[in-house]
Amino acid sequence: MPAPGPVRFGIISWMQYAPPLLGTGDPPPFHVAEGRPDCPFVLAADHAGRVLPRSLGTLGLTQAELDTHIAWDIGIAGVTRELARQLGAFMILQVYSRLVIDCNRPLGAHSSIVELSEFTSIPGNKGLSTAQVAERARLVFEPYHARILAEIERRERAGLPIVYVAMHSFTPRFKGVDRRWHCGVLYNRDSRLARPLLQLLAREGLEVGDNEPYFVSDESDYGIPHYGERRGHLSVELEIRQDLIATEEQQVSWGNLLGRVLPAALAAHRAGGGGSLEG
Ligand SMILES: [Zn+2]
């Protein structure tokens, strides 16, 4: 009988033991309302949800931190639901928090999976392996965008008009600076819908940011460049200040307002009002 050799402990990497990102208790990554076939508006709220997959725990954050704008666009789900109802529009809401992966950033962008959001460090996003990053993309980002693309392509095949509206909300104060705008109209190469929309929102007595507090770019956005600009469809990004859509009543009120103003802006564009399409 041979003498027993030294006991060897294998080095088992964390990845071999890591649970899959999404399990049976986790919801699907998006919620859709189909809308009426004759409605041209396609509403997408990339930051509507704040669910974290169970496997990620709290990402190392407190509940108080997870309640803030760093996790989601507060109030925008309610506004988008009401707006979709008013217009009979197709609507898609991302269910998972942008802290899991940001569905309004190109994959691989520095801000796709943030390690620092405003002043808050995100411990659970630090030191991710390539496989972990790929899994977040595969299970959260890709199915969401595949659903939007399917809707856009279905409408294209049917020869239906498409107006892509990206729905977002912004925090009233960011990095110590108050933001005065009630809402913002954002665009990059295509201002065809943004121009009449800016005018109509201002006529409602609102302080409207013209590409404020953010602007659309290929680095900081995904939906508008991919579904609007590159395919030639009308598009605009809307930002609403979060304290104005904190309650359900406020969300319904903004849904009503946008339900009037968006079709009016589309009508003004079709009648030949302002805006341009670059390149
Ligand atoms: Zn957003």
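Let's start in β3, where F90 is the bridge partner of V42. That contact belongs to the pairing of β2 with strand β3 (residues 90-94), which is parallel and runs over 4 bridges. By pairing I mean that DSSP finds at least two bridges between two strands; strands are DSSP runs of E, at least two residues, and helices are runs of H or I, at least four residues, numbered from the N terminus.

Before going on, please remember that this is a predicted model: local features need pLDDT of at least 70, side-chain atom pairs count only at pLDDT 80 or more, and totals for chains, interfaces and linings use all residues. Residues are numbered from 1 along each chain as its sequence is written.

Back to β2. Strand β6 (residues 163-170) also pairs with β2 in the parallel sense, over 4 bridges, and there A44 stands opposite A166. So how enclosed is strand β2? Of its 5 residues (41-45), 5 are buried, so the strand is largely enclosed by the rest of the structure. Buried here means 20 or more other C-beta atoms within 10 Å of a residue's own, with C-beta atoms placed from the backbone. F41, L43 and A45 point one way, V42 and A44 the other. In a regular strand, side chains alternate between the two faces of the sheet.

Now the whole sheet, friends: it is open, with 7 strands in the order β1-β3-β2-β6-β11-β9-β10 and mixed pairing. At the edges, β1 (30-33) and β10 (208-210) each pair on one side only.

Finally, β9 (residues 183-186) and β11 (residues 234-241) pair in the antiparallel sense over 4 bridges, with L186 opposite E237 in β11.

How values were computed:
Buried ≥ 20, exposed ≤ 12 C-beta atoms within 10 Å, placed from the backbone.
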